[in-house]
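Reader: I would like to learn how to read pockets in a protein model. Please show me with an example.

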Amino acid sequence: MMLLMILVILLPVFLLQKYQKKRSPAKESSHGVSHQVKHQVFLSFRGEDTRLNFTSHLLKALKDTGINVFFDEETLERGKQLSQALSRAIAASNISINILSLDYASSKSCLAELSDIMDYKRTQGHTVLPIFYHVDPSHVRNLGGSFKTSFDDHESKRLRQVQRWKAAFVEVGKLKGRHIEGGKFDRPETEYIKDIIEYVIKMLMSSKSRHVYEELVGIGYQKDAISRLIEQKGSRVIGLWGMGGIGKTTLADAVYKEMSPKFESCWFLQNVSEKIKKQGKESLRNDLLSKLLNEKDIRIDTPLIGYPYQGRLNNKKVLLVLDDVSHQDQITIMGVRHFGDGSKIIVTSRDRKVLENGEADQIYEVKNLNEFDSLQLFSTCAFKQSTPDAAFRDLSIKFVEYTQYNPLALKVLGSQLYKRSREYWKSEMDKLKEYGQPEISNILKRSFDELDEQEKNIFLDIAIFFQGEPEENVEKILSSCYNGAKSSIRNLIDKCLLDITPLPISLRDMLEIRSKFHKRKEEEIASSPYRGALDDRRSSFLDEIPNCISMHDMFELMGKDIVRQESRVPGMRSRLWNPNEVKQVLRYNKSVNREWMVDLWRCHYVWSFTYNRKKRSK
C-alpha cells in the first residue's frame, strides 16, 4: 500500500519533468537562432521576374556546390511585411544575394527584405552581393527608370516605410555586384552563375579563415603588420623573411585568405623551390598563368611572357603568394611585373638576399613567439588546452625554452609528448640536449643543403667551435682557413642560419668599458683643433661592446648531428668537440689525419688563449 502511494505521488513529478525537457530545446532554438549562422546564403528575388529562369538556375548551382541556401518563394509573393522568421534568417546567413530585376521595387515584401539586409550590413558587417539583372545599376542608385514609377506608386499610398526602402535601394545600387545586361552581345548566364559561385566560396572561406586565425596563437599582431605593408601604395612585392619553421607560410596564408576577396584573381603557390625541381620553372609558371587567366593548358616554353598574355595580365588585379622561394629567378619568371595595377605579391624565403634581388619593396622579418604565446601553443599540442597541466608545468617551460620560441619546434615537440608520462618527458629532454629532434632537424637541414661548400664548412665550424664567441675573433680565425670567409658569414646571416648579437658581459666589464670610452672621448676632444666638427659616430659607450656570432640552439644541434653522421668512428669525422673523443682519437687512433686534427685544435687553442689574455689585460 505504501509503495503504491509513493508511485502515485512521484508519477506526476516524473511526467512534468519529461514534458519540460521536451519543451526546452524548442524554447532555446526560438531565442537562439539570431545568434547562430544557419544559412550560408540568403537569396532575395522578385519571383514573377526570375523564378523560372535565372533564380532557379542560380539556386540549383548553389545547392549543387553544397552551399546551404535560404529560399522562401512563398513569403516573397504575399506582398506582406517582412516576417520575423525572414528577419532572423537574414541575420543567420553569411551572405545575402539580391537579384534586382525590373519589377523588384514594386514588391513591398522585397523592399522590406532589402531594407533589413542593408541594416545588417551597416550594423553587423553583413556581406551583400547585388545582381543587376536586366536593369541599369545607375537606375537603382538614382531611383530612375521603372523604379521611379514603383516608388511613386508606394508614396501615393502614403506608406510610412517608403523613405527607409528608398535609402536601402540607393545604398545597394552603390555596391559592387554583377551586371547581367542580357541580349545577344552579353555573356551566357551560366558564366555569370559560375562567377557568383566562385565569389560566394571565396567569401565563405574568408569568413571562416577570420574565425580560425583568431585562434592561432601569437599570429595576430604580425598578420596586422604585414597587412599594413600590403596596403601601402608603393608596396607591390612584400617579402616575408625568417628561419625555417618560424611561421612564414602560416602568416602568408592568414593574410592571403583575409585579403583575397579584394582581388580579381588570387593564387597561393606553395613550395615553389621544391615544385620547380620536380617540374621545371616554365611548367610551373604555365600552371600559374592558367589559374590566373582561367584558361586551360597555357604553354609558354620561353623564359619571357609575350603577347597576348602580357596584355591580359595587365588587366588583372592579382594577389599571389610565392611560398618558399630560394632564388630571385623564381620570382621574375612568374611574370609578376606584368600584373595589373593594385596587384600584390607576397614572397616567403629563408634568404634575405633572394628577396632583395627579387625587387621586394618591403621585407618583413618574421619574429618568434613570445614566452606566453609559446607556452600556450606548446600546451595546445601537448595537452589540447591553452595551459599546461600543473604536474607538467616545470617540464613544459623547459621544452619551450629549448625551442627558443620557434613555432614549428613547439608544435612538433608538443604533439610528440601528448599523453606521455612525466618520466618520458624527462628522458626526451635529456636526449634533445645531445641529439635534437629528427623531424625538426630535417626541416631545418634544407637551409644547410642549399649552401655552397665553403658556407657549409664555416657553418659547421661555428656550430661546433665558435657559437657565442666574439665576431671579430671568429672572422680572423676563419679568414686564415678560408678565402672570403667574411662574405660567407654575411651570407649565412642573410639565410637566417647565423645572427650577430651583443656579447654577454658582466656589469663590472661594462662599467670598465664605459670608463675607458669617456676617458678616450675627453682626450680626443682636448686634442682636436676642430672640436665642433669632431666625428661623433661612436656616441655611446654601448658601441664599444663587442658583438658575438650566435645561432639557434637547434641549428647547433643540427650541425653536430651532420658531423656525427659522417662516420660512426669519431676519428673519421671532420670535426670533434667531445673532450673524451678528442683525447681518444689523438692518442690511440692511427687512421685519423692527425696533422689536420692537431692544426684545427691548435687554431682553436691559440684563439682561446689570445681572447682570454686580452680579457685579463683589460
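Reader: What volume does the largest pocket have?

Author: Rolling a probe the size of a water molecule over the atoms shows where empty space is left. On a 1 Å grid over the protein atoms alone, a pocket is an open set of points where a 1.4 Å probe fits, with protein on both sides within 12 Å along at least five of seven lines. Points are joined across faces, edges and corners, and a volume is the space filled by probe spheres set on them. Here the largest pocket has a volume of about 1500 Å³. Its lining (residues with an atom within 4 Å of a point) has 40 residues, and Glu-198, Lys-202, Phe-263, Glu-264 and Ser-265 are the closest to the centre. The model is predicted, with local features needing pLDDT of at least 70 and side-chain atom pairs pLDDT 80 or more, while totals for chains, interfaces and linings use all residues. Residues are numbered from 1 along each chain as its sequence is written, and side-chain values use heavy atoms, without hydrogens and water.

Reader: Which helix gives the most to the lining of the largest pocket?

Author: Helices are DSSP runs of H or I, at least four residues, numbered from the N terminus. Helix 10 gives the most, with nine residues.

Reader: How do the residues of that lining divide?

Author: Ala, Val, Leu, Ile, Met, Phe, Trp, Tyr, Cys and Pro count as nonpolar, Asp, Glu, Lys and Arg as charged, and the others, Gly among them, as polar. The largest pocket has 13 nonpolar, nine polar and 18 charged lining residues.

Reader: What lines the second largest pocket?

Author: The second largest pocket holds about 630 Å³ of space and is lined by 31 residues. Helix 12 gives the most, with four residues.

Notes
Helices (H or I, at least four residues) and strands (E, at least two) are DSSP runs, numbered from the N terminus.
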